[in-house]
Amino acid sequence: MIICAVVLLGGGAAGVFAWTAAAREPAVPRAEAGAIEHPPLSPVQRLLRDADDPLACAVSFTGDGAPAEPMLQHQDALYQDLPIPSQDGRVFGGWYPTAESAAAFDQTARVNGADAVVCQDQQVQLYGAWMTPEQNVAENAQIPILMYHQFTAKPEGESGWLRGNYAYIGDFDAQMSHIASSGFYMPTWDELSAFIDGRLYLPAHSVIITDDDADQSWFDLAVPVIDKYKLLSTSFMITAYRQDPPPSIYVQRRSHTHDMHQAGDNGKGRMVNWTADQIAADLNTSGDILGVRQVMAYPYGHYNDTAKQGVTQAGYEMARTIEPGLVTIGTDKLALPVVRIDYGMTVDALIKRIG
């Protein structure tokens, strides 16, 4: 009696093996008639097959410390969570589209979460760069975080005690045009964190754009300008008041707390009146709504050591103040300074502050 078994080989092809019941010794394998052997899929091919999405893009990485496996991105969005490798005694210099641009640290070509994903045949290759800590320090990067609030279409501005918070939209357009045309690099928050740690190189010509409160004028007037110039920005939202979805792929939603943008018992913000546990509970609610923690903005700019404790307890790594200044290597991540934009600031005034 002969017993046959069919065994799958690589690529889905099948081979047939035979044994006799008595001897139980394998016969010489013979290929099934008409079977076609296919080479195994590459990691990129497997990633795209599993995604089964025509807009999927497999991003591969090259260079020291580069991830061995490709990463899935989508061509209708910005790059998300690009890796930041870490090595003792070296500073990562970012991802670039060519080996040449990586070697030159070409900031105009550098790829990060401010860039839309563009692929050819659903694939793209990125090249990593490294430098010494001494080179990184020599760059002397000082990163401005711009802080906007409300916006107005009236050149003469708004009236009332909040007049200074309103940026004239014509000035805002000119400022964004300057940033877009001057080759500013726009760090993501995870890049800013790694920069503060001294693990990541950021060009001196960098800037971060933020808006507080998610006022309706932000949506109606400012976001169309952000879209026009394709500039990464962050909207710090008070989630008890509104929870609008991102109005653009270029707008990140981050926490301005859930319901702490109110005065506490002593007239100052709840952020400096509540316990660390109360602060953490509020921020957890906000983080759950937004789907991200990472960074928050203190309401009214009020904070103290208890506030910092509540922020970290809720899983946030960074917090932005309203104190003037620039972010450098070693800056306190729970006290990030800002460049405040007030009514009447022209593009020339902005240039004087950020270059």
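This is a predicted model: local features need pLDDT of at least 70, side-chain atom pairs count only at pLDDT 80 or more; totals for chains, interfaces and linings use all residues.

I began with the second largest pocket, which holds about 430 Å³ of space. Of its 21 lining residues, His-149, Leu-162, Asn-165, Asp-213 and His-261 are the closest to its centre. Residues are numbered from 1 along each chain as its sequence is written, and side-chain values use heavy atoms, with hydrogens and water left out.

My note on terms: on a 1 Å grid over the protein atoms alone, a pocket is an open set of points with protein on both sides within 12 Å along at least five of seven lines, a cavity is a set where a 1.4 Å probe fits but cannot get out, and lining residues have an atom within 4 Å of a point. Points are joined across faces, edges and corners, and a volume is the space filled by probe spheres set on them.

I sorted this lining by class and got 10 nonpolar, six polar and five charged residues (Ala, Val, Leu, Ile, Met, Phe, Trp, Tyr, Cys and Pro are nonpolar; Asp, Glu, Lys and Arg are charged; the others, Gly among them, are polar).

Next I looked up the largest pocket, with a volume of about 550 Å³. Tyr-79, Gln-80, Asp-81, Gln-252 and Arg-254 are the closest to its centre, out of 32 lining residues. Strand β13 gives the most to this lining, four residues (strands are DSSP runs of E, at least two residues, and helices runs of H or I, at least four, numbered from the N terminus).

**Helix α7**

I then turned to α7, residues 276-290, and asked: which of its residues are buried? They are Ala-276, Ile-279, Ala-280, Asp-282, Leu-283, Ser-286, Gly-287 and Leu-290 (buried is under 20% relative accessible area, exposed over 50%, with a 1.4 Å probe and protein chains only). These cover an arc of only 165° around the axis, so they sit on the same side of α7 (the arc is that of the directions from the helix axis to the C-beta atoms). On the other side, Asp-277 and Asp-288 are exposed. Just after the helix, I found Gly-291 with a positive phi of about 80°.

**Cavity**

Last, I searched the whole structure and found one cavity of 30 Å³ or more.
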